[in-house]
Amino acid sequence: MSRSLERAVRFTGPGGAIMNMVLFLGVVGVVGYTLSPWSPNPNELLVTSFQANPWLNGLILFVLFIGIIYNFRQAMVIEPAIRWVSGFRNSVDPSRTRLPRPPTLIGAMSRILLDADERGGRLSASSSRAILDSIGTRIDEGREFGRYAGNLLVFLGLLGTFWGLLQTVTEVSGVIAALGADTGSDSASAVSQLINRLNAPLAGMNTAFSSSLFGLGGSLVLGFLDIQAGQAQNRFYSDLEDWLSGITDNSTIITGDGKSVSLDGGDMLASLHAAIKELNAGNAQNTRALQKEIRDLGHMLLEGEQPEKRR
């Protein structure tokens with residue numbers, strides 16, 4: 001049954017996840033095109049927002065670009081691993097010399113599989129567990145940078161927000177101080193000067209809102225791409241777990257001295273029966289020892305009370 005399970009497992013490639021990522025970026029591109037000056041209904045919103053603080057917004061777009069490339073790489077990194085596993089399963093060469101070089105993701109798994117293949121092609125339960133732990137750890141480590149990029153975009157957006165608010169507060173203080181100094185001018189002139197001087201504080205608000213727009217929007221994009229890349233890697237992990245369960249010899253146990261011992265069904269039952277018998281014997285011995293301790297304690301208490309009664 002395990003052999004049939006091993007043959008029935010089909011590894012799912014990252015094509016579906018990559019297609020979802022491309023479609024999502026296409027939708028984002030359409031929205032950006034609609035809000036651009038090049039759309040049929042020209043809109044200056046994005047251009048004006050970017051020019052509010054081109055250095056900070058440019059840094060946000062650069063981090064977004066790096067995060068997009070990294071998430072695509074994370075989705076595609078499982079494709080070489082699937083090709084190697086398929087080559088290993090379909091190879092008829094006993095020496096396995098024609099297999100491609102294994103990718104880093106399954107480097108430890110390839111060595112364990114090739115060593116097991118030389119010993120007969122079956123894995124022990126501990127080896128299968130070591131393979132899954134190794135690949136799970138490498139997948140988690142690989143996704144950390146993608147999550148960091150998403151969090152970095154949120155941080156840059158908040159940084160721009162506080163930067164713009166600080167700039168606004170500073171400029172408003174300057175405008176109020178200037179009004180106090182111009183007490184000799186008439187009211188119409190004072191209102192006109194106030195309106196002209198409020199342009200600088202409003203520039204700070206542009207910085208605050210534009211950086212928040214680009215930062216939070218970029219984090220939304222990277223979050224979706226990270227989910228798709230993670231689903232592609234999790235499907236590979238699940239398929240690998242199913243395949244390994246078909247080539248794992250669960251009747252192999254590791255003894256106390258680290259040696260691998262194979263047991264058939266009868267031996268396993270006999271071993272389990274012996275372990276239960278040994279456990280019962282140990283419990284009976286402990287119970288007898290405890291009863292003896294209680295009797296000794298009772299004798300000590302009685303011997304201690306009798307001299308007091310004689311007095």
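Trainee: Leaving aside neighbours within four places in sequence, what is Met109 in contact with?
Mentor: This is a predicted model, so keep that in mind throughout. Beyond those sequence neighbours, Met109 contacts Trp84, Val85, Ile131, Ile135 and Leu240.

Trainee: Which residues touch the most other members of the largest nonpolar core?
Mentor: Met109 is one of them, together with Ile106, Leu113, Ile135, Phe236, Trp243 and Leu244. That core has 26 residues.

Trainee: Which elements give two or more residues to this core?
Mentor: Those are α5 (78–90), α6 (107–118), α7 (125–181) and α9 (199–246).

Trainee: And where does the largest share come from?
Mentor: From α5, which supplies six residues.

Trainee: On to helix packing. How do α4 and α9 cross?
Mentor: Helix α4 covers residues 54–76, and its axis comes within 9 Å of the α9 axis, with a crossing angle of roughly 5°. Angles under 35 degrees count as roughly parallel, so α4 and α9 are roughly parallel to each other.

Trainee: Which residues meet there?
Mentor: On the α4 side they include Leu56, Ile60, Leu64, Ile68 and Asn71. On the α9 side they include Phe214, Gly218, Leu222, Leu225, Asp226 and Ala229.

Trainee: What about α2 against α9, parallel or antiparallel?
Mentor: Roughly antiparallel. Helix α2 (residues 15–34) packs on α9 at an angle of about 170°, with the axes 9 Å apart. The cut-off for roughly antiparallel is over 145 degrees.

Trainee: Which residues make the contact?
Mentor: Ala17, Asn20, Met21, Phe24, Leu25 and Val28 come from α2. From α9 there are Val221, Phe224, Leu225, Gln228, Ala232 and Arg235. By type, the residues of this contact are nine nonpolar, two polar and one charged.

Trainee: Changing topic, how many salt bridges does the structure hold?
Mentor: Three.

Trainee: Which residue forms a salt bridge with Asp226?
Mentor: Arg143 does, and the closest N and O atoms are 3.1 Å apart. The pair links distant parts of the chain, with Arg143 in helix α7 and Asp226 in helix α9, 83 residues apart.

Trainee: Are Arg143 and Asp226 buried or exposed?
Mentor: Both are buried.

Trainee: Where do Arg129 and Asp133 lie?
Mentor: Both are in helix α7, four residues apart, which is about one turn of the helix. Arg129 has 40% relative accessibility, so it counts as partly exposed. Asp133 is also at 40% and therefore partly exposed.

Trainee: And what does Asp296 form a salt bridge with?
Mentor: Lys292, with the closest N and O atoms 3.2 Å apart. Both residues lie in helix α10 (residues 265–310), again four residues apart. Asp296 is partly exposed at 30% relative accessibility, and Lys292 is partly exposed with a relative accessible area of 46%.

Notes. Residues are numbered from 1 along each chain as its sequence is written. This is a predicted model: local features need pLDDT of at least 70, side-chain atom pairs count only at pLDDT 80 or more; totals for chains, interfaces and linings use all residues. Side-chain values use heavy atoms; hydrogens and water are left out. A nonpolar core is a set of buried Ala, Val, Leu, Ile, Met, Phe, Trp, Tyr and Cys residues joined through side-chain atoms within 4.5 Å. Buried means under 20% relative accessible area, exposed over 50%, partly exposed in between (1.4 Å probe, protein chains only). Contact means heavy atoms within 4.5 Å. Axes are lines fitted to C-alpha atoms, for helices over the stretch in contact, and angles run from 0 to 180 degrees between N-to-C directions. Angles under 35 degrees count as roughly parallel, over 145 as roughly antiparallel, 65 to 115 as roughly perpendicular and the rest as oblique. Ala, Val, Leu, Ile, Met, Phe, Trp, Tyr, Cys and Pro count as nonpolar, Asp, Glu, Lys and Arg as charged, and the others, Gly among them, as polar. A salt bridge is a side-chain nitrogen of Lys or Arg within 4 Å of a carboxyl oxygen of Asp or Glu.
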